[in-house]
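Please read this briefing with the coordinates open. It moves from the overall fold to selected local sites.

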Amino acid sequence: MKQRLSILGSTGSIGVQTLDIVRENPDMFEITSLTARSNWQLLARQAIEFDAACVVITDTTKYDALKGALASYPIKVFTGEESLRQIVCSQEVDVVVNALVGYAGLVPTVAAIKAGKKIALANKETLVVGGDLVMRLASQRHVPVLPIDSEHSAIFQCLAGEHSPVRRLIITCSGGALRDMPAEELPAVTPERALQHPQWRMGAKITIDSATLVNKGFEVIEAHWLFGVEPDRISVLIHPQSIVHSMVEFDDGAIKAQLGTPDMHMPISYALMFPHRASRPKEAFDFMQHPELTFSAVDRKKYPALDIAYDCLRRGGTAACTMNGANEVAVAAFLDGRCRFTDITSAIEYALQKAGFTAAPSLEDYAAANTESRALAAEYLRL
């Protein structure tokens with residue numbers, strides 16, 4: 001029986017690559033619904049190719065254009081954030097692939113879990129913001145949450161079949177576009193330079209998050225919630241080649257690592273097909289093309305966001321939600337040329353200092369913390 005997929009964020013990098021997997025395995029998957037924020041042209045083409053039952057464009061100003069493009073097809077067209085929550089609850093959906101960017105991924109994930117849908121999760125902010133709530137709910141509803149992020153997929157693969165205690169999770173980090181740039185030069189970095197990631201092709205926000213190491217801090221938080229490992233047993237190593245995607249150290253000292261080319265098709269297919277693997281004959285790793293794999297410690301002065309994320313994880317409650325909201329505002333401002341690169345981390349620190357804190361938050365508390373953190377970041381950046 002085919003798995004029926006709802007792909008949230010189908011026009012982004014992860015969404016497009018997920019559709020590659022569907023295209024390669026038409027006997028295993030069918031598309032029920034696709035969503036995008038504003039790219040109605042690509043969304044329309046995807047919906048037609050994969051014969052989607054419905055689409056959602058969350059930018060309401062693009063609704064008429066999308067509706068017109070699909071007028072001659074039996075595809076239902078919806079708009080607005082609320083529509084995301086509604087489509088993931090459809091009885092025609094088995095798996096929700098959450099490839100949204102930022103806080104927007106939280107509410108539809110919660111709705112999908114309540115509706116009993118399997119979650120293939122690329123939206124790390126879902127767990128950064130609301131990991132405690134989301135994982136408790138998933139456990140109560142017996143809903144699997146399978147990671148798509150390459151690092152968490154690697155850890156998941158290393159843990160498969162293991163029954164022994166874990167000593168440490170080791171998350172690898174490329175260092176981002178600015179890893180070889182001296183710290184004193186960072187204030188003058190342009191958005192164009194910060195977007196030049198040496199290994200991965202990703203969306204603009206996650207590429208900037210990679211350059212600040214906010215992304216890696218978020219991955220530490222996500223790993224805690226996915227695998228139940230405490231912060232002091234999660235470490236980060238710079239690995240410029242991005243071949244070792246992450247590692248797990250066990251109590252006997254053995255370390256398992258998952259290796260492969262920097263390509264998201266593998267972790268996407270593993271999340272969708274687990275416990276099986278895709279057949280991708282063209283994907284073959286050549287060790288002779290990668291004769292050297294190197295590792296180094298993170299420069300915590302150059303990358304203060306990593307320790308901020310650890311602090312938020314230890315505090316719990318709404319702390320990481322505040323960090324995420326402030327970061328989203330600051331990254332958008334940097335990409336628009338309205339603040340310096342180093343102002344991103346400074347805005348996060350300001351928001352964390354000024355924001356309120358709720359120790360045991362509800363979904364409504366997360367929403368309030370998100371709103372407050374965005375306002376504080378804007379205040380700091382004078383937006």
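This is a predicted model: local features need pLDDT of at least 70, side-chain atom pairs count only at pLDDT 80 or more; totals for chains, interfaces and linings use all residues.

Residues are numbered from 1 along each chain as its sequence is written, and side-chain values use heavy atoms, with hydrogens and water left out. The protein contains 15 helices and 11 strands, where helices (H or I, at least four residues) and strands (E, at least two) are DSSP runs numbered from the N terminus.

**Overall shape and surface**

- For 383 residues a compact globule would have a radius of gyration near 21 Å, and the 20 Å found for the protein agrees with that; the radius is taken over C-alpha atoms, and the globule rule is 2.2 Å times the number of residues to the power 0.38.
- The C-alpha trace spans about 55 × 50 × 40 Å along the principal axes of the protein.
- Of the 383 residues, 54% count as buried, a class that requires under 20% relative accessible area, with exposed meaning over 50% and partly exposed in between (1.4 Å probe, protein chains only).
- Among contacts with a separation of 6 or more, 69% are between residues 24 or more positions apart, a contact being heavy atoms within 4.5 Å.
- The protein exposes about 16700 Å², of which carbon and sulfur atoms supply 52%; the areas come from the Shrake-Rupley method with a 1.4 Å probe, and for residues only the protein chains shown count as cover.
- The mean positions of the 37 positive and 44 negative charges lie 2 Å apart, with Lys and Arg counted as positive, Asp and Glu as negative, and His and the chain ends not counted; each charge is placed at NZ of Lys, CZ of Arg, CG of Asp or CD of Glu.

**Two buried serines in helices**

- S83 belongs to helix 4, which covers residues 81–88, and it is buried because its relative accessible area is 9%.
- A polar atom of the S83 side chain lies 2.8 Å from the backbone oxygen of T79; a polar contact is a pair of N or O atoms within 3.5 Å, where within protein one must be able to donate a hydrogen and the other to accept it, and residues adjacent in sequence count only if both atoms are side-chain atoms.
- Not counting residues up to four places away in sequence, S83 touches V56 and F78.
- S373 sits in helix 15, residues 363–381, and counts as buried because its relative accessibility is 0%.
- The side chain of S373 has a polar atom 2.9 Å from the backbone oxygen of N370, and beyond residues up to four places away in sequence S373 touches C321, T322, G325, A326 and A351.

- Helix 11 (residues 265–273) is mostly covered, since 8 of its 9 residues are buried, including H265, Y270 and M273.
- F274 and P275 are joined by a cis peptide bond with omega of about 10°, and P275 lies in the loop between helix 11 and helix 12 (304–315).

**Positive phi at non-glycine residues**

- Most residues other than glycine have a negative phi, and most peptide bonds are trans.

**Partly exposed loop residues**

- L195 lies in the loop between helix 8 (191–194) and helix 9 (204–212) and is partly exposed, with a relative accessible area of 34%.
- Leaving aside neighbours within four places in sequence, L195 is in contact with A204, T207, I208 and L335.
- P144 is found in the loop between helix 6 (125–141) and strand 7 (145–147), and is partly exposed at 38% relative accessible area.
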